[in-house]
Amino acid sequence: MRKFYIVGVFLLSLVTLSNPVFAHPYHISLLDMKYDVEEKRIEMEGKVFLDDLGDAIFKEQQLQVDWEMGIPEEAVEAYFLEHVKIQWEGDAREIRFVGMEIEDDALWVYCYVEKVKPRGVLEVQNTILFSEFDDQQNLVHFQDEVGLRSERLHSGRKLVAFPLRKV
């Protein structure tokens, strides 16, 4: 009898761990930003888990997302623009979308911000999934001529400032 109990617990654990709901026990997104000196713009790549983003879009836009049917680009763009804000020298900047793609269980979003001079302060607000998860963390990496800087945002810290520096 004990063998059946142990085998049952083992099988239940496998089913639970393989369930997509339990696929990642952490809540994190990534925003990579790079300053392009020649174009005078900031190129951005954002990465977020598909299931979490689908839940957030449903909650905010009442749109059920089926990633197998394709990327709901308008919904993703609206969500991203609502939760990622860029300011340079105190002025809000427009984020322009380039595209999106699914990679395994995550979505990459590609965009840029134009007309950013190589001096001044860049402010980044990233509240992606903060309304969904208390433990959500958003990593922001910023690369310019001087080097790479990284910051971790969470519900208590939603904004980071990066001074732009020229070599």
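Q: Which residue stands opposite Gln 137 in S8?
A: In this predicted model, the residue opposite Gln 137 in S8 is Ile 28.

Q: What makes S1 and S8 a pair?
A: Two strands pair if DSSP finds at least two bridges between them. S1 and S8 are joined by 7 bridges, and therefore they count as a pair. The two strands run parallel.

Q: What is the order of the strands in the open sheet?
A: The sheet has 6 strands in the order S5-S6-S2-S1-S8-S9, with mixed pairing.

Q: Why are S5 and S9 called edge strands?
A: S5 and strand S9 (148-153) each pair on one side only, so they are the edge strands. On average, neighbouring strands of this sheet are turned by 15 degrees against each other, direction ignored.

Q: What does H2 touch where it packs on the sheet?
A: Helix H2 touches S2, S5 and S6 there, and its direction makes about 95 degrees with that of S2. Helix H3 lies across S1, S2, S5 and S6, and runs at about 115 degrees to S5.

Q: How do you know that the span of helix H2 agrees with its number of residues?
A: Helix H2 (residues 50-61) has 12 residues, which at 1.5 Å a residue should span 16 Å. Its end C-alpha atoms are 16 Å apart, so the two values agree.

Q: Which residues of H2 are buried, and what covers them?
A: The buried residues are Leu 50, Asp 52, Leu 53, Gly 54, Ala 56 and Ile 57. Their cover includes strand S2 (41-49), helix H3 (73-83), strand S5 (96-103) and strand S6 (106-113).

Q: Why does His 27 count as buried?
A: The cut-off for buried is under 20% relative accessible area. His 27 has 17% relative accessibility, so it counts as buried. This residue is found in the loop between helix H1 (2-18) and strand S1 (28-36).

Q: What makes the approach of His 27 to Asp 135 a polar contact?
A: The N or O atoms of such a pair must lie within 3.5 Å, one able to donate a hydrogen and the other to accept it. The side chains of His 27 and Asp 135 make their contact at 2.7 Å, and therefore meet the distance limit. His 27 also touches other residues, including Asp 52 and Phe 133.

Q: Which residues touch the most other members of the largest nonpolar core?
A: Of its 39 residues, these are Met 33, Ile 42, Met 44, Phe 80, Ile 86 and Val 124. Beyond its neighbours within four places in sequence, Phe 80 is in contact with residues including Leu 31, Met 44 and Ile 128.

Terms used:
Residues numbered from 1 in each chain as written. Predicted model: local features only at pLDDT ≥ 70, side-chain atom pairs only at ≥ 80, totals over all residues. Heavy atoms only, no water. Helix = DSSP H or I, 4+ residues; strand = E, 2+ residues; numbered from the N terminus. Expected span 1.5 Å × (residues − 1). Buried < 20%, exposed > 50% of the residue type's maximum accessible area, 1.4 Å probe, protein only. Contact = heavy atoms within 4.5 Å. Core = buried A, V, L, I, M, F, W, Y, C linked by side-chain atoms within 4.5 Å. Axes fitted to C-alpha atoms, helices over the stretch in contact; angles between N-to-C directions.
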